[in-house]
Amino acid sequence: MRLIPLSFLCVLFAGNAAVAADLVVNVAAIRSADGEVGCALHADPAAFPLGNADTPMQWAKADPAGMVCRFANLRPGAYAVAVSHDLNGNRKTDTNFLGIPREDWGVSNNVRPTLRAPTFDEAKIDVLPERVTIVEVRLGR
């Protein structure tokens, strides 16, 4: 059995931790304490804004005073955040027959195009190595 020098392991693991970054999402304009607010972190433009099974999500009880979602130890790069105020407990943004949301929602950069969903490029934020990136997402319809 071959032993790996401890100094090599320290450099290897320290190097991975050193490039990690955090993203803090301050959620504002929550209209009521009913239901939950969910934050979805998107690294895949194809999954934005609805997400898929691999999309990291955080859910918490809605609070009109505001909420924070924190995504820790991220790889630096481009991300977009989608936030939804789920009033009925199904953990998705309900829409009408035209696809227009019936529950409040928001995305990073507070992009609100009319007649279509925001794109990943419009909502994209750069998360830099060894930093805490802070964004605010305002909910609305």
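A residue is called buried when its relative accessible area is under 20%, exposed when that area is over 50%, and partly exposed in between. The structure described here is a predicted model.

V81 belongs to strand 5. With a relative accessibility of 0%, V81 falls under the 20% limit and therefore counts as buried. Leaving aside residues up to four places away in sequence, V81 touches L23, V25, A40, L41, F48, G106, V107, S108 and I125. A43 stands 38 residues from V81 along the chain, and the C-alpha atoms of the two are separated by 9.0 Å.

An open sheet is formed by three strands in the order 4-1-8, with mixed pairing. Strand 4 (67-74) and strand 8 (132-138) stand at its edges; each has a single partner strand, so one side of each is left without a neighbour in the sheet. On average, and with direction ignored, neighbouring strands of this sheet are turned by 15 degrees against each other.

Strand 1, residues 21-28, pairs with strand 8 in the parallel sense, and seven bridges connect the two. Within this arrangement V27 stands opposite V137 of strand 8.

## Salt bridges

Side chains of opposite charge can pair when their charged atoms come close. In the whole structure, six salt bridges are found. Three of them, including one between strands 4 and 1, are described below.

R70 and D22 form a salt bridge in which the closest N and O atoms are 2.9 Å apart. This pair links distant parts of the chain, since R70 lies in strand 4 and D22 in strand 1, 48 residues apart. The accessibilities of the two partners fall into separate classes: R70 is partly exposed at 42%, whereas D22 is buried at 16%.

D104 and R31 meet through their side chains in a salt bridge with an N to O distance of 2.7 Å. D104 is buried, with 3% relative accessibility, while R31 is exposed, with a relative accessible area of 58%. R31 and D104 are also linked with R141 in a network of salt bridges.

The side chains of R116 and E122 form a further salt bridge, at 2.6 Å from N to O. R116 has a relative accessible area of 43% and is partly exposed; E122, with 28%, is partly exposed as well.

| Salt bridge | N to O distance |
|---|---|
| R70 and D22 | 2.9 Å |
| D104 and R31 | 2.7 Å |
| R116 and E122 | 2.6 Å |

## A nonpolar surface patch

F97, L98 and I100 form a nonpolar patch on the surface, and their accessible area together is about 400 Å². D104, by comparison, is buried at 3%.

## Backbone features in the loops

The peptide bond from F48 to P49 is cis, with omega near 0 degrees. P49 lies in the loop between strand 2 and strand 3 (57-61). F48 is also one of the residues that V81 touches.

A29 has a positive phi of about 65 degrees although it is not a glycine.

The loop between strand 6 and helix 2 (120-123) contains L115. At 89% relative accessibility, L115 counts as exposed.

How values were computed
Residues are numbered from 1 along each chain as its sequence is written. This is a predicted model: local features need pLDDT of at least 70, side-chain atom pairs count only at pLDDT 80 or more; totals for chains, interfaces and linings use all residues. Side-chain values use heavy atoms; hydrogens and water are left out. Two strands pair if DSSP finds at least two bridges between them. Helices (H or I, at least four residues) and strands (E, at least two) are DSSP runs, numbered from the N terminus. Axes are lines fitted to C-alpha atoms, for helices over the stretch in contact, and angles run from 0 to 180 degrees between N-to-C directions. A salt bridge is a side-chain nitrogen of Lys or Arg within 4 Å of a carboxyl oxygen of Asp or Glu. Buried means under 20% relative accessible area, exposed over 50%, partly exposed in between (1.4 Å probe, protein chains only). Patches are made of residues with over 30% relative accessible area and no salt bridge: like charges are joined within 9 Å, nonpolar side chains (Val, Leu, Ile, Met, Phe, Trp, Tyr) within 5 Å. Accessible areas come from the Shrake-Rupley method with a 1.4 Å probe; for residues, only the protein chains shown count as cover. Contact means heavy atoms within 4.5 Å.
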